[in-house]
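Subject: Structure handover

Hi,

Here is the structure for you to look through. My notes on the side-chain contacts follow below it.

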Amino acid sequence: MKVLVSDNVSLDLFCKNPMQILEKSNKGIIAVLKNNSPIFYAITPHLLKKIFDLDHCLLQHDTIQQKIIKKFSMHPEWTPDKDFIRQAALWGIMLTEEISKSELASFISYWQAEGCFFHHIQWQQKLARSLQKSRSIICMSQKKRDITYIPTPDQTTPSGFRGK
């Protein structure tokens, strides 16, 4: 990366009055030198704000682009689309309630550790299948029989069988 530096200033001179030196810089960046070698760069607050604004703009653009084009690994800021439940239905996965924060956090933390790369739509499909599976397990565990129950047979003889 090429750094555009307008001025080179010695460390001693910079330490005497850093704000005045920064204000006089043309491009907002100053290389601070010691023994004619840069030891750090100083940036004006105005230029720093421009850099962060640009970085924020690029990050938003990249996020939109990732959802459309690129494969990416799972990250903490990932969220499914607003019409996720409808999309899941189109894939044949009927989800009756919205995704909870804990379900999303669990999904993200699992796939972050795996380090796999998928398209946004593929991540959503994985999430839908994961929710379908985990919710069906919960439903099945609620319907399980009591294994401690011991049935007692009645003492009647069905018709067609010989009695005592």
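**Arg-135 and its partners**

The side chains of Arg-135 and Glu-103 make a polar contact at 2.8 Å. Please keep in mind that this is a predicted model. The pair also counts as a salt bridge, with 2.8 Å from N to O. Arg-135 sits in helix 6 (residues 120-142) and Glu-103 in helix 5 (residues 101-114), so the bridge ties together parts that are 32 residues apart in sequence.

Is Arg-135 buried or exposed? Its relative accessibility is 16%, so Arg-135 counts as buried, because buried means under 20%. Glu-103 has a relative accessible area of 21% and is partly exposed.

Arg-135 has a further polar partner. A polar atom of its side chain lies 3.0 Å from the backbone oxygen of Glu-97. Setting aside residues up to four places away in sequence, Arg-135 touches Leu-95, Thr-96, Glu-97, Glu-98, Ile-99 and Glu-103.

**Salt bridges**

How many salt bridges does a search of the whole structure find? It finds 2. Besides the Arg-135 and Glu-103 pair, Asp-83 forms a salt bridge with Arg-86. There the closest N and O atoms are 2.7 Å apart. Asp-83 is partly exposed, at 28% relative accessible area. Arg-86 is partly exposed too, at 48%.

**Aromatic pairs**

The count of aromatic pairs comes to 9. One of them is Phe-14 with Phe-40. Their ring centres are 5.6 Å apart and their planes stand at 75 degrees, so this pair is edge-to-face; the cut-off for that class is over 60 degrees. The pair links distant parts of the chain, with Phe-14 in helix 1 (residues 11-16) and Phe-40 in strand 3 (residues 37-43), 26 residues apart. Phe-14 is buried, at 10% relative accessibility. Phe-40 is partly exposed, at 33%.

Trp-78 and Phe-107 form a tilted pair. The distance is 5.9 Å centre to centre, with 40 degrees between the planes. This pair also links distant parts of the chain, 29 residues apart. Trp-78 is in the loop between strand 4 (72-73) and helix 4 (84-90), and Phe-107 is in helix 5. Both Trp-78 and Phe-107 are buried.

Trp-78 and Phe-107 belong to one aromatic cluster, together with Phe-72, Tyr-110, Trp-111, Phe-118 and Trp-123. Phe-118 also has a charge over its ring: Lys-126 lies over the face, 4.7 Å from the ring centre.

**Nonpolar cores**

Which residues have the most contacts inside the largest nonpolar core? They are Met-74, Trp-78, Phe-84, Leu-95, Phe-107, Trp-123 and Leu-127. This core has 16 residues. Helix 4, helix 5 and helix 6 each supply at least two of its residues.

Met-74 is worth a look on screen. Leaving aside neighbours within four places in sequence, Met-74 is in contact with Phe-107, Ile-108, Trp-111, Gln-112, Cys-116 and Trp-123.

Another core, of 7 residues, lies apart from the largest one. Among its residues are Val-9, Phe-14, Leu-22 and Ala-42.

Best wishes

Key:
Residues numbered from 1 in each chain as written. Predicted model: local features only at pLDDT ≥ 70, side-chain atom pairs only at ≥ 80, totals over all residues. Heavy atoms only, no water. Salt bridge = Lys/Arg side-chain N within 4 Å of Asp/Glu carboxyl O. Buried < 20%, exposed > 50% of the residue type's maximum accessible area, 1.4 Å probe, protein only. Helix = DSSP H or I, 4+ residues; strand = E, 2+ residues; numbered from the N terminus. Phe/Tyr/Trp six-rings, centres within 6.5 Å; stacked < 30°, edge-to-face > 60°. Lys NZ or Arg CZ within 6 Å of the ring centre and 35° of its normal. Core = buried A, V, L, I, M, F, W, Y, C linked by side-chain atoms within 4.5 Å. Contact = heavy atoms within 4.5 Å. Polar contact = N/O pair within 3.5 Å; in protein donor to acceptor, adjacent residues only side chain to side chain.
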